[in-house]
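Dear colleague,

Please find below the structure that I am handing over to you. My notes on its charged side-chain pairs follow.

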Amino acid sequence: MKYICLGYMDGELFAKFSEGERNNFVDKCFSYDEELKNHAHYAGGEALQPGLNAATLRIQNGKVSVIDGPCAETKEQIGGIMILEADDLNDAIRLMSKQPSLALSKGGGSWGIRQAADLAAMVDDSEKPRTAK
């Protein structure tokens with residue numbers, strides 16, 4: 001099963017890391033990514049630019065409204081996503097509990113884990129009336 005893991009981190013904390021701490025953090029995280037790949041658990045992932053570079057879209061009064069930055073005002077921002085192949089939620093938790101960023105972020109980081117939804121049947125049901133037109 002696929003699990004989407006959202007990595008959160010306090011950007012202010014990361015900015016205070018020395019160059020050595022940042023390099024150690026990144027090296028250990030990438031090493032763990034390699035371990036997941038070697039055991040067929042890593043199905044993809046991406047780091048994200050800081051929230052200051054983000055845009056949030058909402059509909060207001062029937063029009064799209066664009067807000068600069070993330071939609072939540074919080075210290076922790078989504079720093080990246082990882083897609084895992086795991087047997088079940090407990091397996092995904094086991095795998096992500098070994099993610100070095102949890103310990104290295106000194107309590108300023110977390111991972112949210114959610115099973116990916118299989119929308120194949122919904123897509124098929126939606127496609128039938130659209131293609132019949």
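**Salt bridges in the model**

Glu 34 has a relative accessible area of 41% and is partly exposed. Please bear in mind that this is a predicted model. Glu 34 takes part in a salt bridge with Lys 37, in which the closest N and O atoms are 3.5 Å apart. Lys 37 is likewise partly exposed, at 40% relative accessibility. Both residues belong to helix α2 (residues 19-38), where they are three residues apart, about one turn of the helix.

In total, a search of the whole structure gives three salt bridges.

A further pair is found in helix α3 (residues 89-96), where Asp 91 and Arg 94 are three residues apart and therefore separated by about one helical turn. Their side chains meet in a salt bridge with an N to O distance of 2.7 Å. Asp 91 has a relative accessible area of 8%, and because buried means under 20%, Asp 91 counts as buried.

Glu 85 and Lys 2 form a salt bridge through their side chains, at 2.8 Å from N to O.

Yours sincerely

Note on methods:
Residues are numbered from 1 along each chain as its sequence is written. This is a predicted model: local features need pLDDT of at least 70, side-chain atom pairs count only at pLDDT 80 or more; totals for chains, interfaces and linings use all residues. Side-chain values use heavy atoms; hydrogens and water are left out. A salt bridge is a side-chain nitrogen of Lys or Arg within 4 Å of a carboxyl oxygen of Asp or Glu. Helices (H or I, at least four residues) and strands (E, at least two) are DSSP runs, numbered from the N terminus. Buried means under 20% relative accessible area, exposed over 50%, partly exposed in between (1.4 Å probe, protein chains only).
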